[in-house]
Amino acid sequence: MPAIYYFLVGLAKGSSPDHLNFVVRTLSNPTVAVVIATLIPVLIIFGLVQAVAGASTYIERKVAADIQRRVGPNKCNVNAFLGEFVRGYVRDASAPGASGGRQLIAAAVKPLLPVLDIVDKLASRFAPGVLIFLADGVKLIMKEDIIPDAVDKPMFKIAPTLVLVSAFGACAALPYSDAWYVADFNNGLLFIAAVTSIEVLGILMAGWASNNKWALLGGMRSAAQIVSYELPVGLALLTGGMIAGTLSLQGIIYDQFNFHKDAQGYQLWLHQGWFWQWNLFHPAMFILAPVYFLAALAECNRTPFDIPEAESELVSGYHTEYSGMRFAFFFMGEYAMMCVTSAIAVTLFLGGWSTGIGPLEMLLVKVPPVVMNGMVAKPPEFHWYGTVLHLAMFCLKTYGLVFIMMWIRWTLPRFRVDQMMTLCWKKLIPLGMVCFFGVSVWMLLRMIIAAKIGPNGDAVIDNITFLLRIVFAFSVIGFIGWFFTKPLTTEQRSQRELLEKAGLNAGTAL
């Protein structure tokens, strides 16, 4: 958004208003530029939210089929879809009475037929059933929007919109790349916490307005669940903001770069941009990462926390009475919220859009950062290809966590209500509070120790914590490598042999 605004305002730069045409004068007006710079990102993000939600339904079906060894979506194939569509268009354009414009379009697309046939074959070979999400969209759009007579109609209609708006509004503060974002709020964490809390209002309104006992129970369960699990999420957010010294999401990412200067003013490349500077390898944040992820699953109503829409108990939960596009809004909001919570986790724990490779980040820098008194006074500017790479890394990390959410859904059974609330209040919240207060005490001790050491106290503490992070990071990586490569026990080998005899996928089942 800032880039669009400054581009529009700069259209009239260097020329007098008398020499500018009406369009340029209008676009360069600051008020108009703000409106346009806001609308363009909003429309782009709204389109991306719909595309990601639709594609995620296809990906989740494929993940479910692979994990449970069953047939996935393979009937809604592309096959000859594009080629046959163009052939039909060309055939209709050659019929008597076809308009001149139709004939021109047919003549332009006819040479593309061989390319489209190749695309059809590749899609049917590597992505069978890929059009299933388009079929779902067409079905939901054409489906009748049924509103029962006994419902509270205004509240019933607005509830799905609130659920979607909650996830959609949070996208405004996400740092997609170093230069591509809608807005960089100085209190971005608080903004996201506030906006995502609107979801529970929409779900509770849907359950109450439906005038249905199953929907009401689903809405009440959701209110209890989401409000409870917001506490561990909030503790994780506040701890991350305390470590970074800012509530800005971009600021949290830049803090994980750990910019420094030596005595001559040159930047120390060893301190900058490496993955061991990510908050995941801070001991407190390492504990809070699974706490946040479990709480995020609960806030998204994903298995094993899908109590509000448990079909075996509540028919379909809070959206039992919904149909058509209003029904689709709930699931668009769910998949959008999965992406939002995963993006927040990437920002807090996994370095955001950073690649985690120090020398590579230094090569991507166009203008170095300005560091004053150990703080980044002005962040670095990256080349355009660095910005594109950062965007790709952010999307890859985010959707990697979304994939884990899908994996968990088709692997674990659903919690009971008492188990779900026990996990939150007796496990996650105490862990979050211990980490929060531990980091608070450490920050105070750090200030005291640095003051006693003298003028270079902050630098000494930074170097010590830097070395400790390296040791901790490689210890974690080493443990993970050992865990997945250690030899199987006798019991595990016998279980694997039984599964193989039964014709099951031993690796997936174990």
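Predicted model: local features only at pLDDT ≥ 70, side-chain atom pairs only at ≥ 80, totals over all residues.

Q: Is C171 buried or exposed?

A: C171 is buried, at 7% relative accessibility. Buried means under 20% relative accessible area, exposed means over 50%, and partly exposed is in between, using a 1.4 Å probe and protein chains only. C339 is buried as well, with a relative accessible area of 16%.

Q: OK, zooming out. How many helices and strands does the protein chain have?

A: The protein chain has 21 helices and four strands. Those are DSSP runs numbered from the N terminus, with helices being H or I over at least four residues and strands being E over at least two.

Q: And what share of the residues is buried?

A: Of the 510 residues in the protein chain, 42% are buried.

Q: Which residues touch the most other members in the largest nonpolar core?

A: Y229, Y292, I344 and F349 do, in a core of 82 residues. A nonpolar core is a set of buried Ala, Val, Leu, Ile, Met, Phe, Trp, Tyr and Cys residues joined through side-chain atoms within 4.5 Å. Helix 15 (residues 324-349) gives the most to this core, with 13 residues.

Q: What does Y292 touch?

A: Leaving out residues up to four places away in sequence, Y292 touches V233, A236, L237, T341, I344, A345 and F349. A contact here means heavy atoms within 4.5 Å.

Q: Switching topic: where is N211, and what is its phi?

A: N211 lies in the loop between helix 10 (198-209) and helix 11 (213-244). Its phi is near 55°, a positive value in a residue other than glycine. N211 is exposed, with a relative accessible area of 54%.

Q: What about N301, buried or exposed?

A: N301 is buried, with a relative accessible area of 2%. N301 has a positive phi too, of about 60°, although it is not a glycine. You'll find N301 in the loop between helix 13 (283-299) and helix 14 (311-314).

Q: Last topic, helix 18 and helix 19. At what angle do their axes cross?

A: The axes of helix 18 and helix 19 (residues 457-485) cross at roughly 130° and come within 7 Å. Axes are lines fitted to C-alpha atoms, for helices over the stretch in contact, and angles run from 0 to 180 degrees between N-to-C directions. Helix 18 is therefore oblique to helix 19. Angles under 35 degrees count as roughly parallel, over 145 as roughly antiparallel, 65 to 115 as roughly perpendicular and the rest as oblique.

Q: Which residues meet there?

A: W442, R446, I449, A450 and I453 in helix 18 meet G457, D458, V460, I461, D462 and T465 in helix 19.

Definitions and conventions:
Residues numbered from 1 in each chain as written. Heavy atoms only, no water.
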